[in-house]
Amino acid sequence: MKEINNYFRYFYAFKTQRKQKMKSSFYNIGFLAFIILFSTSIISQEKPLPKAKTNAFWERVNFGGGFGLSIGNNFTNITIAPSGIYNFNDYFALGTGLQYSYLKEKNSYSSNVFGASLIGLFSPIEEIQLSLEVEQINVNNKYSDLGGDYNRNFWNTGLFVGGGYREGGVTVGARLNLLFDSNKDIYGSAFMPFVRLFF
């Protein structure tokens with residue numbers, strides 16, 4: 001009988017000890033799982049956004065424009081026209097531009113022109129580019145003649161439809177000003193050739 005009691009005590013002690021070990025290892029596993037999950041969430045919070053998402057806008061933007069310089073006998077013409085477009089896809093783009101021009105003919109005429117434009121581009125195929133452009137410019141002309149100086153300031157709005165042949169970022173073509181006004185002498189004709197450059 002004494003041996004049976006010892007056996008039960010030994011079995012009870014073994015069982016209790018095993019329960020404590022299991023309980024302890026359960027807490028250890030739970031603690032370890034908590035540490036792993038916590039550290040994973042900290043690491044995931046420190047990761048920056050993927051590069052494709054943060055730079056997606058600027059990857060679709062192209063800059064370009066034009067610069068012109070013409071100097072001759074008593075004549076100077078300087079034009080600066082930066083612009084930028086956003087390509088929605090391979091077919092459509094929308095952009096804006098600024099422009100400044102200075103024109104002077106000695107003892108006769110001088111002009112300062114500044115303004116902005118909004119342009120939409122459509123390319124039905126890679127080599128052809130169609131455009132629709134709205135331009136708003138301020139013209140400040142000064143005329144000199146024998147009777148004295150004469151100033152003329154006005155705003156001019158242009159609505160241009162155009163088309164051209166495109167190779168890479170360069171388009172060569174022509175555009176037509178649908179709002180051409182011969183009384184506003186900023187443009188000599190409604191029809192104008194152009195070279196458009198974006199990179």
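Predicted model: local features only at pLDDT ≥ 70, side-chain atom pairs only at ≥ 80, totals over all residues.
Residues are numbered from 1 along each chain as its sequence is written, and side-chain values use heavy atoms, with hydrogens and water left out.

Me: Why is Ser131 called buried?
Reply: Its relative accessible area is 9%. Buried means under 20%, exposed over 50%, and partly exposed in between, with a 1.4 Å probe and protein chains only. Ser131 is therefore buried.

Me: What makes Ser131 and Arg196 a polar contact?
Reply: Their side chains are joined at 3.4 Å. The term requires a pair of N or O atoms within 3.5 Å; within protein, one must be able to donate a hydrogen and the other to accept it, and residues adjacent in sequence count only if both atoms are side-chain atoms. The 3.4 Å value therefore falls within the cut-off.

Me: Which residues does Ser131 touch?
Reply: Among them are Ile119, Leu121, Phe160 and Arg196, leaving aside residues up to four places away in sequence. Contact means heavy atoms within 4.5 Å.

Me: Why are E1 and E2 said to pair?
Reply: Strands (E, at least two residues) are DSSP runs, numbered from the N terminus. Two of them pair if DSSP finds at least two bridges between them. E1 (residues 61-72) and E2 (residues 75-87) have twelve, in the antiparallel sense, so they pair. Gly68 stands opposite Thr79 in E2.

Conventions: Helix = DSSP H or I, 4+ residues; strand = E, 2+ residues; numbered from the N terminus.
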